[in-house]
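Subject: Structure handover

Hello,

I am passing on the structure we discussed, with notes on what turned up in it. Please look it over when you have time.

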Amino acid sequence: MKKPDVKSFKTGLLLGLTLILSMLVFSGCGASQTSSTPQEGTDDAVQAKAPVEITNVSYDPTRELYVAYNEIFQAHWKKETGQDVTIVQSHGGSGSQARSVLEGNEADVVTLALAPDVSSLEAAGLIEPGWLNEFDKNSSPYTSTIVFLVRKDNPKDLNDWDDIVKPGIEIITPNPKTSGGAQWNFLAAWAFAKNLYQGDETKTQQFLADLYANVTVLDSGARGSTTTFVENKQGDVLLAWENEAYLSLKEHPGEYEIVTPSISILAQPSVAVVDEVAKSRGTEEVAKAYLSYLYSDEAQRLVGKNFYRPSNPTILKEFASTFNLTLPLVTIDDDFGGWPAAKAKFFADGAIFDQIYKQ
Amino acid sequence: MTRFIRQRKKNKVIPGFALSMGITLAMLSCIVLIPLLSVILSLSGTTFAEFLATITDKQVLVAYRVSFQCSLIAALINCFFGVLLAWILVRYRFPGRRILDGFIELPFALPTSVAGIALTTLYSDSGWIGRIFAHIGIKISYTLIGITIALIFIGIPFVVRSVQPVLEKLDRQYEEAAMILGASQSKTFFKVVFPEILPAMLTGFGLAFARGLGEYGSVVFIAGNIPYKTQITPLIIISKLEQFNYDGATSIALTMIIFSFVILFSLNILQARVNKVTKV
Amino acid sequence: MKQKLVSSLLIILGAVFIAVMLIVPLCTVLAYALRQGWETFASAIRDPYAIKALRLTLLAAVVTVALNTVFGVFSSWAISKFRFKGRQFLTTLIDIPFAISPVIAGLVFVLVFGRIGWAYSFLQAHHLKVVFAVPGIILATIFVTLPFVSRELIPLMQAQGNEEEEAAALMGAGGFKIYRKITLPHIKWGLLYGIILCTARAMGEFGAVSVVSGHLRGKTNTLPLHIEILFNEFHLTAAFAVSSILVVIAIMILILRNIVEYKGKKAGSEDVR
């Protein structure tokens, strides 16, 4: 009685394992049909002019920008080298996108919302040190800033940061602990208050505490906040990236207005080649060209049309009717001592942002 | 292994135990056990003191409470409506029954984020339903009530679909006998039907409750996410991950897994007891 | 008379609950989807990336359902027909995927197969990719929906008892024969419910899949992920339009189930006669 039981138990174990493995193999085959074909020629891609494929892991509302940019880059690369290039796009929250690359999502280039997300890949050994200076302007080919989105005709008369901390004003902004992009919002407000109180940190912190006390919905991401404000009509003011505020205006013409405060921050999204992946795939050259061509005049104009501020000052001036170019912008390096310092001071567990809510 | 087989001898009549147990264990290990053990493995770099500090942080404690409170209430409401729905779907014939029946799985088919956005819009004070409640001064979206509503939404199929097959199989003879003997309808239900469906209901309750504890996508839009007020535990896990704090995230995740395991385990034991009592 | 009153009351209560909790949210989705007219709706669902995502979602759902059905059938047999030590423990282990936050469900696979996982160097050496590729997506979907079929069957088979199977076994019937002739007729609707639930959930799963997918457009984007991206791109209408595809598929499956069930029950009652 015992022997056949052990045997059939083992048969069962084996059957179960075989099932799972065959599932993996089956689905793996299905997948490789789509992915391996374009990649086969990558090793000697340039010489052989075989088509090449690169993956751009980016953050959320950049898809339309990159769909348009991919077209002009493909044309440019074809003209330069005669090679066809396809670009696979990936979008999601900046932090989770960085994490997916760190966890094994093979990106040739990353174009993320803030430098620390790229630095985390440097720390993991995927990107070589010095990436920040690999491309112009701290490797940020386009920038943005933080503005207010208010309802039409600005009914609560909110014009600057000290207007929105008044009691009774309801603010919508994402949580800087779950949305990397929202850290710029916090820092912009901090810059204003620090100016106002001439560097008195206690008062500045109190200002931020007042501001976040007015926040009625602290969404996990920028898009969630926009929906809360625009679709569900919550709050009086939305703190948003300039390009996202313009997207809301475009989607709901005549319902909202953009207000630029007296001071804000230069939000610098970062781009970098993921060296480890590009090297192993032999795509370094095209990946590098992909990012550096973002600085070309043609690409810079495209950037402006997608409501990002071009980092080329001459082309930025062409968009003077769109952007408020007189708005003074503080920068993370000059005013906050760079990202590592700012992260540790404001956003680490138990740091200033947590203290604000503990009070 | 030998233990299983020895147990098998006690009820040696029905065949197929060893084989089905083998398949079950192989698949369970590959898909659930080994991945879960890697969570613990990945925590090997953390000291126990660090682990404890992470999981007992005040903000995290409040988040546990929010998650527990809302899922518990939602699961209880689902128990009531789930049994009610299963009952009317099985026992009554009325126009639109099939359509009603068809809608039950909807919460599973909608991606959680879409459900979350739709519910938030609906229950915010400018939404179709939220507006009515706003008049009497009740805010639903961005409060604990909103979280509870989202959890009711995602949990309802668990209860209905657990109870429904049992009800369908239930022999009506006993009920009819009870009625003939003069028992009232409600008495018949609670004395005859209810004990039969109780194990299934407990299963549904446990699943709805546990799912509520872990739910993220549909809740995150309707919760205000204000720390110390309407922040749910999965959100804290996300915020730890966002800072590349894998240890912190997995610590809290592990705590949640243990919580859910204990809840489900006690429910399963309770359910086995109930089963035994009703079978005697 | 009183009985009639109670039954109508219960039906109304149930209908109101369904209406408020399920149908009205669905209408919200459809209202959004058609907000900018049929044109926007049509172009959103005809987008080649949406179609690719749909294909991947269906592939994942089919594989997942097949595997989970096998698992469900065998595990429910082992658990409900036999008494053994650790039975409740095993049952609870099967339940665990329901209770785990989807985010963690994805993360566990990354912790095994990802660049930070212990199996990564092995996979890399053999040029295999699990996470951030299709197998990872399927694995995560299986994980999340693993309990559905067995969870549906266990209470049913327990309520059924063992007498009939024991009798058949004593008469010398083999395991598969007993299952086909005795157990299956009793549990077929439960099995069907389980499969339907599993299918619905497999198609709608977002959280776990989003962690292991990498969001590569046209390659590892499932439909729910595609919806999320559209939403984040400020294409709310398109996002809801694409999610209505999922709703339509779900409703189609449900109608199909109803037909099968109706026919089956009719045939069953004729048999008895």
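Apart from its neighbours within four places in sequence, A:Leu208 is in contact with A:Ala189, A:Trp190, A:Ala193 and A:Ile356. Please keep in mind throughout that this is a predicted model. A:Leu208 lies in helix α9 of chain A, which covers residues 201-213. Is A:Leu208 buried or exposed? The residue counts as buried because it has 22 C-beta neighbours inside 10 Å, and the cut-off for buried is 20 or more. A:Ile172 is 36 residues from A:Leu208 in sequence, and the C-alpha atoms of A:Leu208 and A:Ile172 are 14 Å apart in space.

**The two domains of chain A**

Where the domains of chain A touch, twelve residues of domain 1 are in contact with 13 residues of domain 2.

On the domain 1 side of that contact in chain A, the elements giving two or more residues are α4 (94-102) and α5 (115-123). The largest share comes from α5(A), with four residues. By class, this side of domain 1 of chain A has five nonpolar, five polar and two charged residues.

**Chain B against chain A**

The contact between chains B and A involves 33 residues of chain B and 33 residues of chain A. Which elements of chain B give two or more residues to the side that touches chain A? They are α1 (2-10), α2 (17-42), α7 (112-123), α12 (217-222) and α13 (233-242) of chain B. α2(B) gives the most, with ten residues. The chain B side of this contact with chain A divides into 21 nonpolar, ten polar and two charged residues.

**Chain B against chain C**

The crossing of α11(B) with α8(C) is right-handed.

The residues that meet are as follows:

- from α11(B): B:Glu196, B:Pro199, B:Ala200, B:Thr203 and B:Leu207
- from α8(C): C:Arg151, C:Pro155, C:Gln158 and C:Ala159

The residues of this contact between α11(B) and α8(C) comprise five nonpolar, two polar and two charged.

**Chain C as a whole**

Chain C has 13 helices and zero strands. Its C-alpha atoms fill a box of roughly 65 × 60 × 30 Å along the principal axes. Of the 273 residues in chain C, 58% are buried. Among contacts in chain C between residues at least 6 apart in sequence, 75% join residues at least 24 apart.

Regards

Key:
Residues numbered from 1 in each chain as written. Chains lettered and ligands numbered in written order. Predicted model: local features only at pLDDT ≥ 70, side-chain atom pairs only at ≥ 80, totals over all residues. Left-handed = near helix turned anticlockwise from the far one by under 90°. Contact = placed C-beta atoms within 7 Å. Nonpolar A, V, L, I, M, F, W, Y, C, P; charged D, E, K, R; others polar. Buried ≥ 20, exposed ≤ 12 C-beta atoms within 10 Å, placed from the backbone.
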